[in-house]
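Please open the model in a viewer and keep the selection panel at hand.

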Amino acid sequence: MSDFLSRKDILGLRDFTRQEIELVLDTAASMEDILQREIKKVPSLRGKTVVNLFFEPSTRTRTSFEIAGKRLSADVVNFSAAVSSVKKGETLLDTARNIEAMKPDVLVVRHSSSGAPHFLARHLSVPVVNAGDGRHEHPSQGLLDLYTIRKVKGRIEGLNVLILGDILHSRVARSDIYGLTTMGAKVTICGPSPLIPREYQALGVEATWDINEALRGKDVVIVLRIQLERMESSFFPSIREYVRYFGLNRERMKLAKEDAIVMHPGPVNRGWELADDLADSDVSVILQQVEAGVAVRMAILYLLAHVREEVES
């Protein structure tokens, strides 16, 4: 297996091979070793510049990409659309081309429009990382979820995984499904019928609208946030009804395997899709996901920066 990715950009997990995923996860494991040291910094990307180009709010993704870059000794620049020339009418491509003219080495992009990072990747020579585009994909979240599962469970292949909640609006669900199925897991999705896109049945996953049926025998339960900000119409009668039929709590969790774990990409709507006592319980690995995010994003930046070095040389 090659020590470097053969692609310029990381835009989604749909076309990632098993070998590529394993390369990122194995590299992330090495990065995690660095994060356990007293001095959590190495010179791997010294002299490199990473630009975080975010057009949507973010806490975990933006902060962890920033920390990841700095742990590798890169210079990290955070771009905020709210205080940029975007407010003056500058287009996305013009903004990106002007930033590329300043010679960054990696561009990390989050945008509300599906396909925006792909559009930029076609027009720019600098490597582009998709940090979440609309309802499309969130590959670094998918990779850190895979990393967390492998670390806690010791494997991914053969596991029974449930993705529960607002599947329709979730870019995380898409990346998780692509990554999990590529790595040999069996995936089931569950949520209100209007929030289950039929396209998933073509991806080798099972769909159910019965949470009790969905939970039985599961090794991993990934709970998704109810994305009210993306809903232009009513997809369920009320939050109370959603909690009644699809909210995950300790009692329902007993239907899963005894050693099952609960995951959530954040932010959590406590008391809605996930009960407080379960979110903070010993079966929850939510904070381990956050911790893994730094190591995985260090791996992504390291691998992409070295791909560009190989191309330029």
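Which residues in H5 are buried? Buried here means under 20% relative accessible area, against over 50% for exposed and in between for partly exposed, with a 1.4 Å probe and protein chains only. In H5 the buried residues are Pro139, Ser140, Gln141, Gly142, Leu143, Leu144, Asp145, Leu146, Tyr147, Thr148, Ile149 and Lys153.

This is a predicted model, in which local features need pLDDT of at least 70 and side-chain atom pairs count only at pLDDT 80 or more, while totals for chains, interfaces and linings use all residues. Residues are numbered from 1 along each chain as its sequence is written, and side-chain values use heavy atoms, with hydrogens and water left out.

**Stop 1: helix H5.** Select residues 139-153, which make up helix H5; helices (H or I, at least four residues) and strands (E, at least two) are DSSP runs numbered from the N terminus. Because 12 of its 15 residues are buried, H5 is largely enclosed by the rest of the structure. Gly154, which follows H5, has a positive phi near 85°.

**Stop 2: the five-stranded sheet.** Next, display the open sheet with the order E7-E6-E5-E8-E9 and parallel pairing; two strands pair if DSSP finds at least two bridges between them. Strand E7 (206-208) and strand E9 (261-263) are at the edges with a single partner strand each, so one side of each lacks a neighbour in the sheet. Within the sheet, strand E5 (residues 160-164) is joined to strand E6 (residues 186-190) by five bridges. Ile163 is found opposite Ile189 in E6.

**Stop 3: the four-stranded sheet.** Now turn to the open sheet ordered E2-E1-E3-E4, where the pairing is again parallel. Its edge strands are E2 (75-80) and E4 (128-133), each pairing on one side only. Six bridges link strand E1 (residues 49-54) with E2, and Val50 stands opposite Val76.

**Stop 4: the largest nonpolar core.** A nonpolar core is a set of buried Ala, Val, Leu, Ile, Met, Phe, Trp, Tyr and Cys residues joined through side-chain atoms within 4.5 Å. The largest has 63 residues, and Val24, Val108, Ile163, Leu180, Ile189 and Leu301 touch the most other members. Helix H11 (residues 286-312) contributes the most, with 11 residues. The core lies between domain 1 (9-138 + 291-306) and domain 2 (139-285), because both give residues to it; the domain bounds come from an automatic or database domain assignment.

Definitions and conventions: Expected span 1.5 Å × (residues − 1).
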